[in-house]
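Open the model in your viewer and keep the selection tool at hand. The stops below are meant to be taken in order.

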Amino acid sequence: MKSPAAPQHLLWTLVCLSTLLGWDATGLDLAMAHWFGNASGFGLREHWLLGAVLHDGARRLVWLPALWLVAGVWWPTGVLNRLDRRQRLQLVVSTLAGLLAVSLLKQTSRSSCPWDLEAFGGVARYVSHWRWGVADSGSGRCFPAGHASAGFAFVGGYFALCRDAPRQARIWLASALISGLVLGLAQQARGAHYMSHTAWTAWFCWASAWALDIAMRRVGRRHGAPSRPPKPPTTTTGAAGRENPAPLAAPARAS
């Protein structure tokens, strides 16, 4: 049985994909980079808030929720108590899948960062990140945005939670998207990435988490994953204030 949210997830995935492809076609990445940089470079590159806090500090801080998720597979706390072990494991794997997908793409990309471009005091020329194998005379390995994945990689929690705790799932998704966007914008202001790099990182993390969710549910149905324990029978309160157990169904008569 398909999840009722599956068509909605497909719609949003395709809408975001179309929007990203349209953004890439406009060439607005360079125009936005000029908001923060000029021929002398990027003045905010060494800013303490963007560098020491939102880059170095955030890179260390992200280990805390990651370790909490791993420990929560066996010892759940907080919202993780709403999930069974299979769902908690899915949350961990989806986070790792997002990080791995972004990392692998970066290793194969020959597109350099804005601060490497001639227009900003570097040596590279601008080459679209979709021109695979075409060097731009820079260091490359800039697409997509790796640092933003420290926030976006957690979007998989939405899929793990959406069936049993939809409100918490929406809060989780918003938190992951906002944190990834903040980290991505900080790197853009420093000249480390373009807007499209951040946006594509969000899409790759979402798509990998959604694909894993589909796979996990299919495997669960195929192997007959056990359902949650049934809730205890409800009770009613009698006139004397005592709780009376819910009546049992009458036995069927033999025909």
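**Stop one: the cysteines**

Select cysteine 142, which is buried, with a relative accessible area of 0%; buried means under 20%, exposed over 50% and partly exposed in between, with a 1.4 Å probe and protein chains only. This is a predicted model, in which local features need pLDDT of at least 70 and side-chain atom pairs pLDDT 80 or more, while totals for chains, interfaces and linings use all residues. Residues are numbered from 1 along each chain as its sequence is written, and side-chain values use heavy atoms, without hydrogens and water.

The torsion about their S-S bond is about 115°, so the disulfide is right-handed. The structure holds 1 disulfide.

Now select cysteine 16, partly exposed at 36%, and then cysteine 162, buried at 15%.

**Stop two: aspartate 29**

Aspartate 29 is buried, with a relative accessible area of 5%. What does its side chain join in a polar contact? Show serine 196: the polar contact between the two side chains is 2.4 Å. Such a contact is a pair of N or O atoms within 3.5 Å; within protein, one must be able to donate a hydrogen and the other to accept it, and residues adjacent in sequence count only if both atoms are side-chain atoms.

Finally, select histidine 193, which is 164 residues from aspartate 29 in sequence and 9.2 Å away in space, C-alpha to C-alpha.

Notes. Disulfide = S-S within 2.5 Å.
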